[in-house]
Amino acid sequence: MTKEKLLGSQVQHLLSTLSDHGTQHLNEVETDLVQTSFLLGEAIQKLGTSFMAIHEAIASQQQTIDLLLSGATLTPEIAENLKARHGEIGKHVNAAVTGLQFQDMTGQLISRTVRRVIGLREVLGGLSAGSASISESNAEEIVATLHTINTVLEEQSVKLESALWKAVCQTHMESGDIELF
């Protein structure tokens with residue numbers, strides 16, 4: 001193989017590898033952002049539903065309290081109504097707490113996305129630093145430099161992927177652990 005063809009082959013390999021790994025990492029960023037958006041939507045919906053249900057239960061409980069304050073006699077039905085509203089409020093508060101657990105998972109997804117972007121920037125920065133001496137090199141040195149850059153690019157990309165491959169799970173709330181992604 002001539003030096004020019006070898007040089008062309010190394011450049012082609014470098015660009016192909018850069019494109020493959022860059023695309024892979026950007027796809028992971030896109031996936032994490034889509035999952036984050038989904039989780040935030042679910043959390044907002046759950047919180048909204050829970051807060052409205054809490055408001056309705058408290059309003060109903062207040063009507064019963066107002067009835068008693070106006071002089072009504074406490075009957076077994078009124079006492080049962082107060083107990084039921086109390087239980088209902090507790091159930092909806094627990095549902096709201098579940099909605100808050102989504103924040104923990106979205107925080108993990110955003111953190112992973114930021115680390116991936118930083119890692120990708122470092123990989124690309126390494127490419128720039130590795131190619132700094134190319135313009136003053138002969139063809140054999142350029143081929144050797146490109147070969148080294150290709151190897152470093154692949155190693156750093158794999159290292160980045162393995163460092164970031166980790167499930168997102170909920171671990172900070174008292175209601176138990178949930179592994180999501």
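In which helix is Gln61 found? In this predicted model, Gln61 belongs to helix α1, which covers residues 3-69. With a relative accessible area of 19%, Gln61 falls under the 20% limit and therefore counts as buried. Leaving out neighbours within four places in sequence, the residues in contact with Gln61 are Leu82, Arg85, His86 and Ile89.

**Salt bridges**

One of these contacts of Gln61, Arg85, also takes part in a salt bridge, its partner being Glu88.

| Pair | Closest N and O atoms |
|---|---|
| Arg112 and Asp32 | 2.6 Å |
| Glu88 and Arg85 | 2.9 Å |
| Arg116 and Glu161 | 2.9 Å |

The salt bridge between Arg112 and Asp32 links distant parts of the chain, since Arg112 is in helix α2 and Asp32 is in helix α1, 80 residues apart. Both Arg112 and Asp32 are buried.

The salt bridge between Glu88 and Arg85 lies within helix α2, where the two residues are three places apart, about one turn of the helix. In an α-helix there are 3.6 residues a turn, so residues three or four places apart point the same way. Arg85 is buried, with a relative accessible area of 18%, whereas Glu88, at 25% relative accessibility, counts as partly exposed.

The salt bridge between Arg116 and Glu161 joins helix α2, where Arg116 lies, to helix α3, where Glu161 lies, so that the pair ties together parts 45 residues apart in sequence. Arg116 counts as buried at 2% relative accessibility, and Glu161 is buried as well, with a relative accessible area of 16%.

The largest nonpolar core has eight residues in all, namely Leu14, Val123, Leu127, Ile134, Ile142, Leu146, Ile149 and Leu153. At least two residues of this core come from each of α2 (76-130) and α3 (139-164), and the largest share, four residues, is supplied by α3. In soluble globular proteins, nonpolar side chains tend to be buried together.

**A nonpolar patch on the surface**

Which residues form a nonpolar patch on the surface? The patch is made of Val93, Val97 and Leu100, and together these residues have about 210 Å² of accessible area. Leu100 lies in helix α2. The relative accessible area of Leu100 is 45%, between the limits of 20% and 50%, and Leu100 is therefore partly exposed.

Note on methods. Residues numbered from 1 in each chain as written. Predicted model: local features only at pLDDT ≥ 70, side-chain atom pairs only at ≥ 80, totals over all residues. Heavy atoms only, no water. Core = buried A, V, L, I, M, F, W, Y, C linked by side-chain atoms within 4.5 Å. Buried < 20%, exposed > 50% of the residue type's maximum accessible area, 1.4 Å probe, protein only. Patch = residues over 30% accessible without salt bridge, like charges linked within 9 Å, V, L, I, M, F, W, Y side chains within 5 Å. Areas by Shrake-Rupley, 256 points an atom, 1.4 Å probe, with all protein chains shown as cover. Salt bridge = Lys/Arg side-chain N within 4 Å of Asp/Glu carboxyl O. Contact = heavy atoms within 4.5 Å.
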